[in-house]
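Student: I have a structure to look at and a few questions about it. Can we go through them one at a time?

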Amino acid sequence: MMHTKLHLKRTHFIGYALILIQTILLLFVTTTFLAIRYENQWKDYLNNQTSYNIYLNNIQNDKRDEVISYLKSEADSKKFLLLRKQYLNNKFILGVYGDISSINTDFYYDHQQLISKNNLSQLLHSSNIHATLGLGNGSINQIAPIYKAPLGDQIVIFQLDEYNHLTKSIRGQYQLVGLSSDKEYNSLVNSIAKITGQPKNNFIEIHGGESQDNTLLSSFLIFGILITSLGIFAFLFIDLLSSLKEFGTLILLGWSKKTILFNKFIPFLGFSIGLGISLDLILSFYLGKQFFIYFVYYLTLAIILGIILLIIIYLTAALLIISLKNISLIKNRYPKSVLYTFIMLFYIIISSILVIVGTYIDGPTESIIANAQQAAQWQKVENMEVLKKSSPGSDGIRSISDPSSDIYKDTLNFYKDIANKQGVYLISSFYGSEDWLSNRSLYKRMPTKPFTILTTSPNYLQKINFHISSSALRQAKQGKRVFYIPDTYSSKQQINLRIFLKDFVTDGITKSDIQTTFSKHKQLILIPYHPKKEIFLWNNDSTEPTHSRNPIIDIVTPANMTYVDIGNIQGPGLDSNLKFESKKIVHKIITPKRLIKYHLDDNKLEYTTISNYIDGEQKSLWQTITMFSIVLLFLVIILSLLIIVLAMFYRNINQEKIAVKKFLGFTFWQIYNVPLLIISVVAFVELIVILIVRSKIGIPLVLLNFLVQLTVFYIYLSRTQFSKIIELFKGE
């Protein structure tokens, strides 16, 4: 029996660290896979109960409301459910309207019910138009939660009207769940064709759609696994290389190469198995919660895959040992030229990876910075108050959507009374994105580039130090709609913009609406201004800009309001344009006496802070920031460990030459000038490549990597005694 003991080396801790990182990354990849699997099941929600779809493409602006109203009336009369689905701002959202009495709408995942028919019925019949299933535009509107898969997108179900409002479009696919008659379907399509004057085929064929790229985080994680695997291979290779003398000694004692290799691998294999089991149970308990067994099963498969991968990497690293003859191992002879080639190739591969990382993460990093800026901007106004909810009162629920109703008249008179009070603002915004602008049929003249219209009362502009001339203020109070246009627009663009803005702001106005001076005469004034500073835009969509130097400023007063402005005062949440500086201002303005005077006392107005409406968005933003920060931290740690491995590799091959030079008094530069020159030249080439591709993050990454390499070489290679050089890989 062989009693020779294989010693545990201090450098094994680097190998354990790499195995730890790789195991964590494998578990995260599996968790991401499960999140995508979960979201795919939501994409298929109710697909098995319908074969009928309506596709609304390029509906004329003046026909949109009529088409939607017709679809909703048909859903009510024929007892089917209108269903829309798409990704929006790191959420998978669904929009619903109709009758679900004959439809099984329960949603199960891994044999557990996540939403019931009763939940969906509550949403459909809720008087709160912002009500949701799942965390959407604030926990305050959530009827019931929907499970969010770790590393996945939030699932949110809205009422169809709110869904269309959020997406700013009625364009897309409408599933008719519960409709079972070809005759009824054809009749419905023919009716929409008649309303719009478009061919029937326009509504039964898809013309584009929405998609979501879920591969970004997965790509980061898989990329991290590849780098870690490369690091583990390099570490195991040099660990075996540093043990060549030990191999020779043990072979003389009668050991076989297979036995030696197996015994050297046992500590790493045992660590991988023990670590995997521990992390499996911890993560399954923490992430799985109600799906504990489900997570245990899939994470166990990931652990097994990691162990198999580790075995393959070890066998590959051991090929040099396996290929060497026993006599070569005993005499400590091995091909240095092959090893030098490996060093150079490996170093170039690492450098290439760094350049790829630098160029690849620019996009995600910019998104994260934008998200962080958005979160910071909202924090500045999170204590302002907006309408939480209200009741239709004696006016009835239909009056809320009727611009000729008494509640519109009462709301307008109410705002006239408080418009000039301190701390009372009217603020809303509209962002015309490239996607929105692509539908050129919306208005006669469309802007040629994305824009934001910030509609606000004069006192808010004074609060943010945006100067309004006395002439502009006077004309706005007289009933003219005054727009401040950035002077970056050319004369021709301003002419087109005037036509567009008039169509945009007067869209839908009828003679039956509650009349203001503007709705009667429809006069616009455009005034150029020179952009000087960033202005917060109040956009609560993470894909939209949070601030701009050149928004279009729309000044609104009681005299130039439209039915849209009046209606938005009644809307709850962030869609409400009426905002108060603080709770104290609300108590001062919203008094029982004032509410009775304007017949709003039976509407039961309740106000709350803006923070209650942005918690869902903030949570999503910070989760994204945290996740990418963790991934980037892993990449930096992995690259640092790989550089350490390279340093050990170089030292092990040249340890005798290095010891002699140190003994003779050579300086650090004289001993290591070749590797230092190689590091410097490669770093310079990396920097040139990064500058060519214009990567912002790549420049600091390359410079940081260069400094880390110099530091690593100094710490690990500037040893003063030959004995310490030998002991580094032999252990204690």
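Student: Which residues form a nonpolar patch on the surface, and about how much accessible area do they have together?

Tutor: Keep in mind that this is a predicted model. The nonpolar patch consists of Val 681, Phe 684, Val 685, Ile 688, Val 689, Leu 691, Ile 692 and Val 693. Together, their accessible area is about 710 Å².

Student: In which helix is Val 681, and how far apart are the end C-alpha atoms of residues 671-693?

Tutor: Val 681 has its place in helix α25, which covers residues 668-693. The unreviewed UniProt entry lists residues 671-693 among its spans for the feature "transmembrane region". In the model that span is 100% helix and 0% strand. Its end C-alpha atoms are separated by 36 Å.

Student: How far apart are the end C-alpha atoms of residues 292-317?

Tutor: Residues 292-317 are also one of the spans that the UniProt record gives as "transmembrane region". The span is 100% helix and 0% strand. Between its end C-alpha atoms the distance is 37 Å.

Student: Is Ser 229 buried or exposed?

Tutor: Ser 229 sits in helix α6, residues 215-241. Leaving out residues up to four places away in sequence, Ser 229 touches Gln 22, Leu 309 and Ile 313. The relative accessible area of Ser 229 is 12%. Buried means under 20%, so Ser 229 is buried.

Student: How many aromatic pairs are there in the whole structure, and why is the pair of Trp 436 and Tyr 443 tilted?

Tutor: The search of the whole structure gives 40 aromatic pairs. In the pair of Trp 436 and Tyr 443, the ring centres lie 6.4 Å apart. Planes under 30 degrees apart count as stacked and those over 60 as edge-to-face, with the rest tilted. The planes of Trp 436 and Tyr 443 are at 45°, so this pair is tilted.

Student: Is Trp 436 buried or exposed?

Tutor: The cut-off for buried is under 20% relative accessible area. Trp 436 has 9% relative accessibility, so Trp 436 counts as buried.

Student: What kind of aromatic pair do Trp 436 and Phe 451 form?

Tutor: Trp 436 lies in helix α15 (residues 434-437) and Phe 451 in strand β12 (residues 451-456), so their pair ties together parts that are 15 residues apart in sequence. Both residues, Trp 436 and Phe 451, are buried. Their rings are 6.1 Å apart centre to centre, with 70° between the planes, and the pair is edge-to-face.

Technical notes:
Residues numbered from 1 in each chain as written. Predicted model: local features only at pLDDT ≥ 70, side-chain atom pairs only at ≥ 80, totals over all residues. Heavy atoms only, no water. Helix = DSSP H or I, 4+ residues; strand = E, 2+ residues; numbered from the N terminus. Buried < 20%, exposed > 50% of the residue type's maximum accessible area, 1.4 Å probe, protein only. Contact = heavy atoms within 4.5 Å. Patch = residues over 30% accessible without salt bridge, like charges linked within 9 Å, V, L, I, M, F, W, Y side chains within 5 Å. Areas by Shrake-Rupley, 256 points an atom, 1.4 Å probe, with all protein chains shown as cover. Salt bridge = Lys/Arg side-chain N within 4 Å of Asp/Glu carboxyl O. UniProt positions renumbered as here; feature names shortened; annotations may be inferred. Phe/Tyr/Trp six-rings, centres within 6.5 Å; stacked < 30°, edge-to-face > 60°.
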